Amino acid sequence: MSTNDPPRSGLCWTDFVAFEVLSVARELGLHVPGDVAIMGHDNTAFCDLSIASMTSFDQSGPNFAQTPARLLIERIEGRTKSVFVTVAPKVVARGSTRMPRVEIAAQSKITGTEDIERFTKPRDNIPSRVR
């Protein structure tokens, strides 16, 4: 990178784009997540691999396939009223991102996430500008 203030994070449209960004960051000598945090979208099976360990948005939800199938069957059986379904995405945190301690506390108050405690200790490899 040819800037004095490189980006500290990247949110990618898909996990596959995020893997390419991860590869380029490593080629540039950047430590992920110490120098730059990278996050994908889709939560593909590749995100769980230890070599990649990619944080990703997962919007599949528990009824992602069942709900549209049920709605289609209802429509075929005569339902005429439209139905709107909202799928709430969740973040699956892995090794490509680390959340600073202050943001974790704020998020736990907002979302009420109970497993947030496992991220409460600041990591030594996070630059001080991120803490």
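Me: What percentage of the 131 residues of the protein chain count as buried?

Reply: Buried means under 20% relative accessible area, exposed over 50%, and partly exposed in between (1.4 Å probe, protein chains only). Here 27% of the 131 residues count as buried. This is a predicted model: local features need pLDDT of at least 70, side-chain atom pairs count only at pLDDT 80 or more, and totals for chains, interfaces and linings use all residues. Residues are numbered from 1 along each chain as its sequence is written, and side-chain values use heavy atoms, leaving out hydrogens and water.

Me: In what order do the elements of the protein chain run from the N terminus?

Reply: Elements are DSSP runs, numbered from the N terminus: helices (H or I) have at least four residues, strands (E) at least two. The order here is β-α-β-β-α-β-α. That gives three helices and four strands.

Me: Is Ala52 buried or exposed?

Reply: Ala52 is buried, because its relative accessible area is 12%. It lies in the loop between E2 and E3.

Me: Which residues is Ala52 in contact with, leaving aside neighbours within four places in sequence?

Reply: Contact means heavy atoms within 4.5 Å. Ala52 is in contact with Phe19, Leu22 and Phe46. Ala52 and Phe19 are 33 residues apart in sequence, yet 7.4 Å apart in space, C-alpha to C-alpha.

Me: Where is Leu49, and why does Leu49 count as partly exposed?

Reply: Leu49 sits in the loop between strand E2 (37-41) and strand E3 (55-58). Leu49 counts as partly exposed because its relative accessibility is 44%.
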